[in-house]
Structure formats: structure tokens, C-alpha cells
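Subject: Structure handover

Hello,

Here is the structure you asked to take over. My notes follow below it.

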Amino acid sequence: MTTTAPLMNQALGLAAQALYLSSPNPRVGCVIAASDGTILGQGFTQQAGGPHAEVMALRDAQAAGADVRGATAYVTLEPCAHQGRTGPCCDALIAAGVAKVVASLEDPNPLVAGQGFARLRAAGVAVEVGPGAAESRELNIGFFSRMARGLPWVRVKVAASLDGTTALTNGASQWITSAEARADGHSWRARACAVMTGIGTVLADNPRLDVREVPTPRQPKSVVLDSRLETPPDAHLFAADRTCLIYAAGPLDPGFSTRKAALEARGATAVLLPGSAGQVDLHGALHDLAQRGVNELHVEAGYRLNGALLRQGLVDELLLYLAPRMLGPGRGMADLAPLESLADGLALEFHSTQMIGPDLRVLARFQHPPWF
């Protein structure tokens with residue numbers, strides 16, 4: 001009876017423990033086992049600059065006094081083959097004397113992309129690829145997006161009533177959904193590399209865009225789309241010491257440079273990306289975020305920015321929290337143009353549904369791109 005499935009499942013469980021930790025590096029788990037299935041060492045990727053999963057598993061085995069020579073390493077992504085802030089994991093496994101590596105997927109990073117497997121095979125290490133592939137890809141959906149498309153995986157979060165209202169006509173929106181839903185939403189913030197909103201939300205709600213409702217070892221970057229740099233220097237965004245990026249359309253009035261200097265004095269980085277009609281180039285902003293190592297981008301914005309992202313085909317999935325109440329006329333989820341035909345509507349697929357307290361959480365995705 002093969003031991004591959006349970007040991008790879010254990011490695012995937014370890015990878016999930018890196019969900020809030022390893023970005024921008026992928027979430028990887030590793031289990032090293034003897035031929036009879038006895039676990040000798042295990043670990044998962046640490047914070048950026050820290051040890052990868054394979055090294056953590058080797059250290060765990062060493063601490064236990066276990067000999068890994070001739071053992072099999074079950075790892076949820078191809079061992080890296082390049083020197084970054086840490087050394088190549090494939091070399092560490094070779095030096096330790098493992099006999100076989102079972103990996104879920106080839107690493108899409110061009111610096112690896114099969115080279116780790118090649119070096120293992122050249123050293124006489126047997127390599128098997130495939131077990132746990134779908135689960136590993138799902139855990140690292142943003143990393144694969146950034147490597148394959150040069151864009152982050154974009155998730156738009158919306159809290160609404162059953163009839164789609166996200167705010168009353170007077171702007172009141174706190175709180176449509178429950179405390180349980182808000183805490184769950186913070187867990188999705190925590191797994192993201194960055195949380196983005198628009199200047200309208202900043203001026204109306206003065207959000208912090210940080211993670212407060214759940215424990216997290218790191219805070220995501222905060223990102224604001226602010227064409228004219230109207231973000232107040234005393235905004236709550238600057239309350240914590242973390243990266244804040246503000247994308248603007250460029251100097252549109254004499255006070256632009258003064259406002260830019262004031263925001264930069266608060267630690268923000270202002271990036272000028274002029275698009276059409278005096279607005280920020282949204283595709284350019286997403287590409288820039290990917291260049292800065294953003295794998296998953298979590299958007300919590302108003303219906304105008306939601307609509308702009310949807311109209312330009314820049315959204316990968318919608319994270320909807322639906323409260324069991326009807327609120328009537330008010331602001332909707334997204335500012336989309338009226339349609340002449342039902343066939344012209346944006347088509348999504350339900351990926352998952354779950355009750356969160358009294359509310360329904362729906363994760364809906366657009367059709368999977370070819371790289372997925």
C-alpha cells in the first residue's frame with residue numbers, strides 16, 4: 001500500500017500553515033519519510049528571507065537525530081535551484097542524501113522552472129511529480145498568477161444584503177453583515193500581500209486596511225487609487241508602520257506636488273500612472289504591484305472602483321458576504337453599464353459557499369485562465 005497520498009496530504013497541511021506567513025514566496029510544505037512511512041522531519045516555508053520548507057524539514061530531522069539518507073522528501077512545490085536570500089533547496093536535499101523527491105508541481109518561477117528537478121536527477125535522486133498538484137496550485141494561486149501573467153490574483157470583497165445593496169442612499173453601510181463575517185473577511189486580508197481601495201472609500205470611511213480581527217504574523221501592504229492625491233496625511237492608513245502605496249494619475253493642479261510631498265513625508269510611496277480621462281492606469285497599477293512581489297491583491301472598495309476593475313477584466317474572483325436582509329434602493333456592488341442582452345452579462349462560476357455566522361459567503365470566479 002502506497003504511503004504517497006497521506007504523506008503528501010500532510011505536506012499540504014504544512015503548506016497551509018504558511019498561508020499568512022511566506023508571501024511573496026510560495027506556501028510550501030515538506031515531509032521527509034523513511035521507506036516504511038515513518039516521518040523523520042517536516043516543515044513549511046517561513047517569512048521571506050527565512051528558511052524554505054525543505055530546509056525546515058531537514059533541520060527538524062537533525063534536531064530529532066534522524067538519518068535522512070535514503071529517505072523520500074514529499075514537497076508541495078519543486079525545490080528551488082537558485083541562490084536568493086537563501087540557498088538552493090535542491091542542493092540541500094542532495095547534500096542530505098535523500099533518495100527520492102515527490103513534488104506536487106513544477107515551480108513557475110523562471111529562476112527554477114524545472115532546474116531543481118534536473119539537478120536532483122543529475123545527482124541520482126529519483127523525482128516524481130504530480131501528487132497534490134491541484135491543492136498546491138490553489139494554495140499558491142497568487143504566486144502562479146504573478147509568475148505566469150505578471151499580475152496578482154485579484155479578489156474583490158463585497159458585503160451586501162440579499163438584494164445586492166452595499167450601502168444605503170445616505171451612505172450608511174456599517175454594518176450590513178455580522179461580526180463573524182467581518183472577522184472572516186480579515187482572514188482573507190491576512191493571506192493577501194496587499195489590500196487596495198479607492199480614494200472615495202478613504203474619504204468616506206477612513207479605513208485602516210489592516211488585519212485586526214484575526215492573528216497574523218505580517219500585515220499586508222495598503223494600496224490606494226487616488227488620481228489627484230487627495231488622501232489626507234492624517235488618514236488611518238498611516239497609523240501603523242507598514243508599506244503604503246498610492247497610485248495617482250499625475251500633476252493635475254498646482255497643489256499636486258505639495259500634496260505628494262506631504263504624503264511621502266508620512267511614509268507613503270506615490271506612483272504616477274496616468275490612464276485615460278484623468279484616471280489611474282489600472283492595468284499598470286496591477287503590473288507594478290506584481291513587480292513589487294504582490295501575489296494576492298484583496299480589494300475592498302466602493303462600487304465605482306469595483307466596476308472599473310470588472311469592466312476592464314481585471315478581477316479574478318468575487319468574495320461576497322450576503323446578509324439575510326433586504327435593504328431596498330442604495331448603492332450596488334459595482335458600477336456597470338446597463339446591458340441590452342442577458343447574454344452580455346459577466347459570467348462567473350461558484351467556487352465555494354459557506355455559512356459564516358448568519359451570513360452566506362460566496363466565492364465566485366471568472367473562467368479559469370489557461371495557466372490555472
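**Arg365 and its salt bridge**

Arg365 is buried, with a relative accessibility of 2%. Please bear in mind that the model is predicted. The side chain of Arg365 is in a salt bridge with Glu138, and the closest N and O atoms are 2.4 Å apart. Arg365 belongs to strand S16 and Glu138 to helix H5 (residues 133–139), so this pair ties together parts that lie 227 residues apart in sequence. Glu138 is partly exposed, at 26% relative accessible area, whereas Arg365 counts as buried because its 2% falls under the 20% cut-off.

**Other salt bridges**

The count of salt bridges comes to 19. Two further pairs may be of use when you check side-chain placement.

- Asp67 and Arg69 form a salt bridge with 2.7 Å between the closest N and O atoms. Asp67 is partly exposed at 43% relative accessible area, and Arg69 is exposed at 62%.
- Asp253 and Arg259 meet in a salt bridge at 2.9 Å, N to O. Asp253 has a relative accessible area of 29% and is partly exposed; Arg259, at 26%, is partly exposed.

Through salt bridges that share partners, Arg27, Glu138, Arg155, Arg191, Glu296, Glu317 and Arg365 are joined into one network. The Arg365 and Glu138 pair described above belongs to this network.

**The sheet of 9 strands**

An open sheet is formed by 9 strands with mixed pairing, in the order S11-S10-S9-S8-S12-S6-S13-S16-S15. At its edges stand strand S11 (269–272) and strand S15 (348–356); each has a single partner strand, so one side of each is left without a neighbour in the sheet. From one strand to the next, the twist averages 20 degrees.

Within this sheet, strand S8 (residues 194–198) pairs with strand S9 (residues 221–225) in the parallel sense, over 5 bridges. Met196 has Val223 in S9 as its bridge partner.

- Helix H6 (residues 141–149) touches strand S6 (153–161), strand S12 (296–299) and strand S16 (359–366), and its direction makes about 130 degrees with that of S6.
- Helix H10 (residues 282–291) touches S6, S9, strand S10 (244–248), S11 and S12; the angle between its direction and that of S10 is about 155 degrees.

S16, touched by H6, is the strand that holds Arg365.

**The sheet of 5 strands**

Another open sheet has 5 strands in the order S2-S1-S3-S4-S5, again with mixed pairing. Neighbouring strands here are turned against each other by 15 degrees on average, direction ignored.

Strand S3 (residues 72–75) and strand S4 (residues 100–103) run parallel and are joined by 4 bridges. Tyr74 stands opposite Val102 in S4. Helix H2 (residues 53–63) lies across strand S1 (29–33), S2 and S3, and runs at about 140 degrees to S2. Helix H4 (residues 115–122) packs on the sheet and touches S4 and S5, with its direction at about 150 degrees to that of S5.

**Annotated positions**

The UniProt record, an unreviewed entry, places the feature "binding site" at Ser173, Arg189, Leu209, Arg212 and Glu300. I looked at two of these in the model.

Where does Ser173 sit in the chain? Ser173 is in the loop between strand S7 (167–168) and helix H7 (179–191). Ser173 is partly exposed, with 23% relative accessible area. Apart from neighbours within four places in sequence, Ser173 is in contact with Thr166 and Ala167.

Arg212 is in the loop between helix H8 (199–205) and S9. Its relative accessible area is 41%, and Arg212 is partly exposed. With neighbours within four places in sequence left aside, Arg212 contacts His186 and Arg189. Arg189 is itself one of the positions named in the UniProt record.

Regards

Terms used: Residues are numbered from 1 along each chain as its sequence is written. This is a predicted model: local features need pLDDT of at least 70, side-chain atom pairs count only at pLDDT 80 or more; totals for chains, interfaces and linings use all residues. Side-chain values use heavy atoms; hydrogens and water are left out. Two strands pair if DSSP finds at least two bridges between them. Helices (H or I, at least four residues) and strands (E, at least two) are DSSP runs, numbered from the N terminus. Axes are lines fitted to C-alpha atoms, for helices over the stretch in contact, and angles run from 0 to 180 degrees between N-to-C directions. Contact means heavy atoms within 4.5 Å. A salt bridge is a side-chain nitrogen of Lys or Arg within 4 Å of a carboxyl oxygen of Asp or Glu. Buried means under 20% relative accessible area, exposed over 50%, partly exposed in between (1.4 Å probe, protein chains only). UniProt positions are given in the numbering used here, feature names are shortened, and annotations may be inferred rather than shown by experiment.
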